[in-house]
Amino acid sequence: MAVRGLGLFLVSTVLAFNGFNGFLGNLYPYNRPPTRPNFFVHQNLNSASPQQVHISSVGENKMRISWITESSSTPATVEYGTSPGVYGSSASGSTSSYKYMLYKSGEIHDVVIGPLTPNTLYYYRCGSNSAREFSFKTPPAQLPIEFAVVGDLGQTEWTNSTLQHIQKSNYDMLLLPGDLSYADFLQHLWDSFGRLVEPLASQRPWMVTQGNHEVERIPLIHKESFTAYNSRWHMPFEESGSDSNLYYSFNVAGVHVIMLGSYTDFDSNSPQYQWLQADLGKIDRSKTPWIYVLIHAPWYNSNTAHQGEKESVDMKAAMEELLYKARVDVVFAGHVHAYERFTRVYNGKADNCGPVYINIGDGGNREGLASKYQNPKPDISLFREASFGHGELNVVNATHALWTWHRNDDDEAVASESIWLTSLSSNPACKVQN
């Protein structure tokens, strides 16, 4: 699983083309303070040992286990049970791999296990007779539930600090609004990212959507977008009626979570738009009183970074009304490397029946922070700060949730903002509009 010299040369050559900058997005110029060095995790494992293990929820009582081996002889089998070393159940799945220029991935194994009991600790091992035992806890079936929320992670020393802070929290599921590894065409960095997040991602479900750094399409050389992302991070799109791994939804406890794709078609004639419209129409607020949406490119943003990009402006124009009429509670976004929280908004104005918009692309990426904001501050922007960190969303019951943003301050997770949110489904003035 290595990138050879010619592959690096091809990537460098393509990136040198002035015209390719437009593909990466027209970035508004701003100064970024220096970030910390990259943080790489090395594992001395044999070729059959599972590595880069991560899990994701499938439906309300199953879990997908994904891992990579260097050996092609390892079976796609997971043995699991509720006691250490005792595996009373097993399941089998599929194995695949992908090529990216001269890079060939390891064997990517994908196994769905279950049905599982909610809020229960399971022990498991991947492949046959593996010496590595892992464990995970299933999410609760009912509220309360706690989410960790972080975007634009990357793999720097800041990333490692963020992950350590998240690991200390009592979260049930992690939500990530795009930009995972920052591999940016160098595929071995997907492997190092998988090793970095394995201690957390193997223990709690990580539910992710894609960002611009996952696209990795190179004109004339590698024409397919999202090759590594779709191969490595298989999300439960099939179960929600989606035709793409780039957008999907799921229920967990009393929450309906929608993951949207900022970098695939989203106009009113697109499959994503049609799927979203149908998905919102199926929601039963008596069962899932909360609706959270994750996108990558923010629809509201008072930072000078990433202003005027079509993935923000055009997607907002196409879909904002759908979310507003469905009474979505919160929209999380990444992309901008800073934290910002808006009041409830619709069509650029404060609206008590609109979603709260939270930008949290501050996980620790290698590009540094977006430190400049527009002034004067818009009235709809209530809190903004250019610091690395993560969020915790404790959904207490059908009506109230506690949102806390934790700043990474000198390697300590400092709670910088904490607010209570009230669900729109509990507000008689905010009836769902058809």
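Author: We can go through it topic by topic, as you ask. One note on the source: this is a predicted model, where local features need pLDDT of at least 70, side-chain atom pairs count only at pLDDT 80 or more, and totals for chains, interfaces and linings use all residues. Residues are numbered from 1 along each chain as its sequence is written, and side-chain values use heavy atoms, with hydrogens and water left out.

Reader: Great. How many disulfides does the structure hold?
Author: One, where a disulfide is a pair of cysteine sulfur atoms within 2.5 Å. The partners are C353 and C430, with their sulfur atoms 2.0 Å apart.

Reader: And which hand does the link of C353 and C430 have?
Author: It is left-handed, with -80° about the S-S bond.

Reader: What does that pair tie together?
Author: C353 lies in the loop between β19 (349-350) and β20 (356-360), and C430 in the segment after β24 (412-422), so the link joins parts that are 77 residues apart in sequence. Strands here (E, at least two residues) and helices (H or I, at least four) are DSSP runs, numbered from the N terminus.

Reader: Is C353 buried or exposed?
Author: C353 counts as buried, at 10% relative accessibility. C430 is buried too, with a relative accessible area of 4%. The cut-offs are under 20% relative accessible area for buried, over 50% for exposed and partly exposed in between, using a 1.4 Å probe and protein chains only.

Reader: Changing topic, where is H406 found?
Author: In strand β23, residues 400-409. H406 is buried, with a relative accessible area of 12%.

Reader: What is H406 in contact with?
Author: Leaving aside neighbours within four places in sequence, H406 contacts F388, G389, H390, E392, A413, V414 and A415. Contact means heavy atoms within 4.5 Å.

Reader: Nice. How many aromatic pairs are there in the whole structure?
Author: A search finds 22. Rings of Phe, Tyr and Trp (its six-membered ring) pair if their centres lie within 6.5 Å. Ring pairs link Y80, Y122, Y124, F134 and F136 into a cluster.

Reader: And what lies over the face of Y324?
Author: That is R327, at 4.7 Å from the ring centre. A charge sits over a ring if NZ of Lys or CZ of Arg is within 6 Å of the ring centre and within 35 degrees of the ring normal.

Reader: Last one: where is S130, and what does it touch?
Author: S130 sits in the loop between β9 (121-126) and β10 (134-137). Not counting residues up to four places away in sequence, S130 touches P50 and R125. At 12% relative accessibility, S130 counts as buried.

Reader: What about D243, buried or exposed?
Author: Exposed, at 56% relative accessibility. D243 is in the loop between α5 (227-232) and β14 (248-252). Leaving aside neighbours within four places in sequence, D243 is in contact with F237 and P271.

Reader: Thanks, that helps!

Notes. Rings of Phe, Tyr and Trp (its six-membered ring) pair if their centres lie within 6.5 Å; planes under 30 degrees apart count as stacked, over 60 as edge-to-face and the rest as tilted.
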